[in-house]
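Trainee: I would like to learn how to read a model like this one. Can we go feature by feature?

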Amino acid sequence: MLAEERLARIESYLQRVEIASLEELAREVGASVSTVRRDVSQLAEAGVVRRTHGGARILQPRSQPKADEYIFSSRLDQQA
């Protein structure tokens, strides 16, 4: 797999899950943890992700609210 394709797959996966460990990303793209670590560093330098301890988090998640966030905000409005 080419590096560009791997980077795109990592970004796409993080768009779906928002945060993932390096091991999880390595399984997803079929590469070693070391390779994924370098890819995550490259994506972090580009401003796409933020490195975390042992993983990565997408910086601009898709704007669809999570179910638990919606439920919390609904309850907050009802109990105000």
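Trainee: Let me start with side chains. Which residue does D39 meet in a salt bridge?

Mentor: The general idea comes before the case. Side chains of opposite charge can pair when their charged atoms come close. Keep in mind that this is a predicted model. Here the side chain of D39 meets that of R6 in a salt bridge, with 2.4 Å from N to O.

Trainee: Which parts of the chain does that pair tie together?

Mentor: Look at the elements. D39 lies in helix 3, while R6 belongs to helix 1 (residues 3-17).

Trainee: Are D39 and R6 buried or exposed?

Mentor: Check the relative accessible area against the cut-off: buried means under 20%. D39 has 4%, so D39 is buried. R6 has 13%, so R6 is buried as well.

Trainee: What does D39 touch, leaving out residues up to four places away in sequence?

Mentor: D39 touches R6, L7 and I10.

Trainee: How many salt bridges does a search of the whole structure find?

Mentor: The search finds 2. Besides the pair of D39 and R6, R16 forms a salt bridge with E28. The closest N and O atoms of R16 and E28 are 3.5 Å apart. This pair links distant parts of the chain, with R16 in helix 1 and E28 in helix 2, 12 residues apart. E28 has 30% relative accessibility, so E28 counts as partly exposed.

Trainee: Now the overall layout. How many helices and strands does the protein have?

Mentor: There are 4 helices and 3 strands. Read from the N terminus, the order of elements is α-β-α-α-β-β-α.

Trainee: How do the strands pair, parallel or antiparallel?

Mentor: Idea, then case. Strands of a sheet pair through backbone hydrogen bonds, either parallel or antiparallel. Here the 3 strands make an open sheet in the order 1-3-2, and the pairing is antiparallel.

Trainee: Why is one side of strand 1 and of strand 2 left without a neighbour in the sheet?

Mentor: Strand 1 (19-21) and strand 2 (49-52) each have a single partner strand, so they stand at the edges. From one strand to the next, the twist averages 20 degrees.

Trainee: How many bridges join strand 2 to strand 3?

Mentor: Strand 2 and strand 3 (residues 55-58) run antiparallel and are joined by 4 bridges. T52 has G55 as its bridge partner in strand 3. V49 has I58.

Trainee: Which residue in the hairpin of strand 2 and strand 3 takes a positive phi?

Mentor: G54 does, with phi near 80 degrees. The hairpin has 2 residues between the strands.

Trainee: Which strands do the packed helices touch?

Mentor: Take each helix in turn. Helix 2 (residues 22-29) packs on the sheet and touches strand 1 and strand 3. The direction of helix 2 makes about 90 degrees with that of strand 1. Helix 3 (residues 33-45) also packs on the sheet, touching strand 2 and strand 3. The direction of helix 3 makes about 130 degrees with that of strand 2.

Trainee: At what angle do helix 2 and helix 3 pack?

Mentor: The angle is about 105 degrees, and the axes lie 9 Å apart. Helix 2 and helix 3 are therefore roughly perpendicular to each other.

Trainee: Which residues meet in that contact?

Mentor: L22, E23, L25, A26 and V29 come from helix 2, and they meet V33, V36, R37 and V40 of helix 3. By class, the contact residues are 7 nonpolar, no polar and 2 charged.

Trainee: Where does S32 lie?

Mentor: S32 lies in the loop between helix 2 and helix 3. Its relative accessible area is 39%, so S32 is partly exposed. The C-alpha atoms of S32 and L22 are separated by 9.1 Å, with the residues 10 apart along the chain.

Trainee: One last check on the whole chain. How many residues are there, and what share counts as buried?

Mentor: The protein has 80 residues, of which 29% count as buried. For contacts, take residues at least 6 apart in sequence: 45% of those contacts join residues at least 24 apart.

Technical notes: Residues numbered from 1 in each chain as written. Predicted model: local features only at pLDDT ≥ 70, side-chain atom pairs only at ≥ 80, totals over all residues. Heavy atoms only, no water. Pairing = 2+ DSSP bridges. Axes fitted to C-alpha atoms, helices over the stretch in contact; angles between N-to-C directions. Contact = heavy atoms within 4.5 Å. Parallel < 35°, antiparallel > 145°, perpendicular 65-115°, else oblique. Nonpolar A, V, L, I, M, F, W, Y, C, P; charged D, E, K, R; others polar. Buried < 20%, exposed > 50% of the residue type's maximum accessible area, 1.4 Å probe, protein only. Salt bridge = Lys/Arg side-chain N within 4 Å of Asp/Glu carboxyl O.
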